[in-house]
Amino acid sequence: MIKLGKELSVKIGGKVITGSVVGIDCYRLENFEGRTLQWASYTLTSPRKHPFTRYWITDWGKRGWVLWLATRKKTPAGRFLAERSGVAGINFSGEQGASTPVAALVVYQKKDGSYYSLERFAGSRTLFFEGRKVKRPQRTGKNTYASPRLAK
């Protein structure tokens, strides 16, 4: 797991984006298939212009890493992913943002392999995200990894 305050770089669309980890959300999802999945989501900020002012990177284990950007699009597109959709318990550290201990997620995968997600935290409005698979983020500077603290 990546620690708060560390800088990461990720390559997307031929460009390298570097940001600082300001928040970590550890998800424990009870999905529509009746299974439990766990993963870490890292909130990053950078001095770059929108959409990379604030973005998210999730570690989906064997399915790889996904870089998420907020979007205003409200129409789901693609194939519904029951294994990545459901109700999640969340432990968070660092900047909390909209995060609450419970959230509902609905994830779709588009034909091009990218993702579309709706997320609703308790007591907030629905948030919309678009995601793309990326290679594991690279640490810049003296970054270190820590053991994951997953939601209970």
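In this predicted model, Thr100 is in contact with Ile90, Phe92, Phe121 and Ala122, leaving aside neighbours within four places in sequence. Thr100 itself belongs to the loop that runs between β7 (86-94) and β8 (102-109). With a relative accessibility of 14%, Thr100 counts as buried. Its side chain also takes part in polar contacts: a polar atom there lies 2.7 Å from the backbone oxygen of Val102, and the side chain reaches the backbone nitrogen of Ala122 at 3.1 Å.

Turning to the aromatic residues, a search of the whole structure finds 11 aromatic pairs. One of them joins Trp39 and Trp60 edge-to-face, at 6.3 Å centre to centre and with 75° between the planes. Because Trp39 lies in strand β3 (residues 36-45) and Trp60 in the loop between β4 (54-59) and β5 (65-70), this pair ties together parts that are 21 residues apart in sequence. Both Trp39 and Trp60 are buried. An edge-to-face pair is also formed by Trp56 and Phe129, with 5.1 Å between centres and 80° between the planes. Here strand β4 supplies Trp56 and strand β10 (residues 126-134) supplies Phe129, so the pair links parts 73 residues apart in sequence. Trp56 is buried at 18% relative accessibility, and Phe129 is buried at 9%.

Trp39 and Trp60 also belong to one aromatic cluster, together with Tyr27, Trp68 and Tyr115.

Finally, Gly5 lies in the segment before β1 (7-12) and, at 53% relative accessibility, counts as exposed.

Technical notes. Residues are numbered from 1 along each chain as its sequence is written. This is a predicted model: local features need pLDDT of at least 70, side-chain atom pairs count only at pLDDT 80 or more; totals for chains, interfaces and linings use all residues. Side-chain values use heavy atoms; hydrogens and water are left out. Helices (H or I, at least four residues) and strands (E, at least two) are DSSP runs, numbered from the N terminus. Buried means under 20% relative accessible area, exposed over 50%, partly exposed in between (1.4 Å probe, protein chains only). A polar contact is a pair of N or O atoms within 3.5 Å; within protein, one must be able to donate a hydrogen and the other to accept it, and residues adjacent in sequence count only if both atoms are side-chain atoms. Contact means heavy atoms within 4.5 Å. Rings of Phe, Tyr and Trp (its six-membered ring) pair if their centres lie within 6.5 Å; planes under 30 degrees apart count as stacked, over 60 as edge-to-face and the rest as tilted.
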